[in-house]
Amino acid sequence: MADEQVTSEESKEVLSIDEANELVEEHRGWAESIARSVARGWNLDWQSDGLDGAAMEALIFCSRRFNPSLGIPFRGYARRRIHEASTEAARQSKGWIKPTSASQYDRLAKEVSVELFDLFPELRSGSLPMSLDEESGDQAMRVSIRQLLVGATLVTTRQGLASSSPDELLDTKKVISFLAHLEVIHQIIFWRIYWDGDSMRTIASDWEMDELNVIREHKALLDHLQRAIQKDKAFEPLKVRPGLKRVALDMKRDKTIGPFTKLFSEQRT
Amino acid sequence: MNDKKDKKGISGVERAQKSSSIKQVESVDEVTRVTKTERVGKARGSSSVGGATQKLLYEDREKLLSLVDEEAEKLFEKSNLPEGQKKVIRDAVKMAIDGSLLDEEGIAVEGKAQDEKS
């Protein structure tokens, strides 16, 4: 690392190298605990699998770029980046790659959990995804967990479809049939997020709307899909919220076919 | 041009309603000088848009992991998803939650930083 002041594009109020190093020393134990938590989730060793080094590198990187004048606490700024670095190190580690006595399901679960961090980035910041309603306490925890379970169901559905090994093929038809019953715009939201890997911000930007519209719609869709899975039957399609009506009407006008409708009919032939 | 043909009939004139008292005009405060706009800082708060987030606490670890099992059981009770898929889903969520919980040392560091700030 160059021994000079790092300048930010936004402001000249940056930390000196000494100040940045102080930050590193102050938060070293905290960064290590992030690495340990990532390792714990995947039953790895945080040191021998290299997560400690990755966490420290990310901590140093963040300290050099931290701009205190923006009013964001350092830990809020750095935590996600340290978590991402630790996750990446974990995936490259021997403990992840080498075949162990762990079952194929364990391996699949690890891959799905990695995707959950991308789908629900608040996890990296140490928070649970929140629902649209104003629950609190235990009820709020349960709602968040249900969202994660439904998200994981969608990921496994996609992975099951993509799997070339009959042994790994997971039954996807039922979930696809639920998805095929959704409004076209809702199908496209799910497809783009879970199949194409688009962020909600990208979707919102393409549709020229506030990201919040897509985020709220996604949460409502997860609730809806959760009920369908729980009852093992498709419900009436979820109504499109006002924020997305314009795009939904355009799709209807263009006679856009939902991607899951297409997929479901392909599966049946 | 005033074309009488297009005019609709004039209805009766409504009785004038009683006017209420005129509110006293309050004094106008001195207009404060417009100050220079400060640079807008980044929004604080959680990364999750759409409301407050619920912090994951290490002390809730056992409870959270057992809630995953409970909620998965409810979710899949009537489902025909294969057992293998259900296991993958359940375990993946547990891994994600467990991988986001800071252990005691991490919490202690965070707590110390909070105390020093306040």
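Chain B exposes about 9,600 Å² of surface, and carbon and sulfur atoms supply 50% of that area. The model you are looking at is a predicted one. Chain B holds three helices and one strand, and its partner here is chain A, with 66 residues of chain A in contact with 56 residues of chain B. The points below start with chain B, move to the interface, and then visit some individual residues.

**Chain B at a glance**

- Starting at the N terminus, the elements of chain B follow the order β-α-α-α.
- Of the 118 residues in chain B, 31% are buried.

**Where the two chains meet**

- The two chains, A and B, bury about 5,400 Å² between them, and 59% of this lies on carbon and sulfur atoms.
- On the chain A side, the residues that lose the most area to chain B are Arg40(A), Arg142(A) and Leu149(A), which together account for 12% of what that side buries.
- As background, the accessible area lost when parts come together is often used to give the size of an interface.
- Five salt bridges are found across the interface of chain A and chain B.
- Lys63(B) pairs with Asp138(A) in a salt bridge, and their closest N and O atoms are 2.7 Å apart.
- Polar contacts also cross the interface of chain A and chain B, with 14 residue pairs found.
- Several elements of chain A give two or more residues to the side that touches chain B, among them α1 (17-41), α3 (74-92) and α6 (137-162).
- With 15 residues, α6(A) gives the most to that side of chain A.
- By type, the residues on the side of chain A that touches chain B are 28 nonpolar, 19 polar and 19 charged.

**Salt bridges to look for**

- Over all chains, the whole structure has 24 salt bridges.
- One network of salt bridges links Arg142(A), Arg146(A), Glu70(B), Glu71(B) and Lys74(B).
- Glu71(B) is buried, because its relative accessible area is 2%, whereas Lys74(B) counts as partly exposed at 35%.
- In chain A, Glu217(A) forms a salt bridge with Arg241(A), the closest N and O atoms being 3.9 Å apart.
- Glu217(A) belongs to helix α10 of chain A and Arg241(A) to the loop between α10 and α11, so this pair ties together parts that are 24 residues apart in sequence.
- Glu217(A) is buried, with a relative accessible area of 1%, while Arg241(A) is partly exposed at 32%.
- Another pair in a salt bridge is Asp198(A) and Arg192(A), whose closest N and O atoms are 2.8 Å apart.
- Here Asp198(A) is partly exposed, with a relative accessible area of 23%, and Arg192(A) is buried at 14%.

**Buried residues in loops**

- Ser79(B) lies in the loop between α1 (61-76) and α2 (83-98) of chain B, and its relative accessible area of 11% makes this residue buried.
- The side chain of Ser79(B) reaches the backbone nitrogen of Leu81(B) at 3.0 Å.
- Neighbours within four places in sequence aside, Ser79(B) is in contact with Ile229(A), Asp232(A) and Lys86(B).
- Asn67(A) is placed in the loop between α2 and α3 of chain A, where this residue is buried with a relative accessible area of 5%.
- A polar contact of 2.6 Å joins the side chains of Asn67(A) and Ser69(A).

**Positive phi angles**

- Most residues other than glycine have a negative phi.
- Asn43(A) has a positive phi, near 55°, and is found in the loop between α1 and α2 (51-65) of chain A.
- Asn43(A) counts as exposed, because its relative accessibility is 73%.
- Glu208(A) also has a positive phi near 55°, and lies in the loop between α9 (200-206) and α10 of chain A.
- Its relative accessibility of 69% makes Glu208(A) exposed.

**One more residue in chain A**

- Asp250(A) is part of helix α11 (residues 242-253) and counts as partly exposed at 29% relative accessibility.
- The C-alpha atoms of Asp250(A) and Ile185(A) are 9.7 Å from each other, although these residues are 65 residues apart along the chain.

Conventions:
Residues numbered from 1 in each chain as written. Chains lettered and ligands numbered in written order. Predicted model: local features only at pLDDT ≥ 70, side-chain atom pairs only at ≥ 80, totals over all residues. Heavy atoms only, no water. Helix = DSSP H or I, 4+ residues; strand = E, 2+ residues; numbered from the N terminus. Buried < 20%, exposed > 50% of the residue type's maximum accessible area, 1.4 Å probe, protein only. Areas by Shrake-Rupley, 256 points an atom, 1.4 Å probe, with all protein chains shown as cover. Contact = heavy atoms within 4.5 Å. Buried area = accessible area lost by both parts, 1.4 Å probe. Salt bridge = Lys/Arg side-chain N within 4 Å of Asp/Glu carboxyl O. Polar contact = N/O pair within 3.5 Å; in protein donor to acceptor, adjacent residues only side chain to side chain. Nonpolar A, V, L, I, M, F, W, Y, C, P; charged D, E, K, R; others polar.
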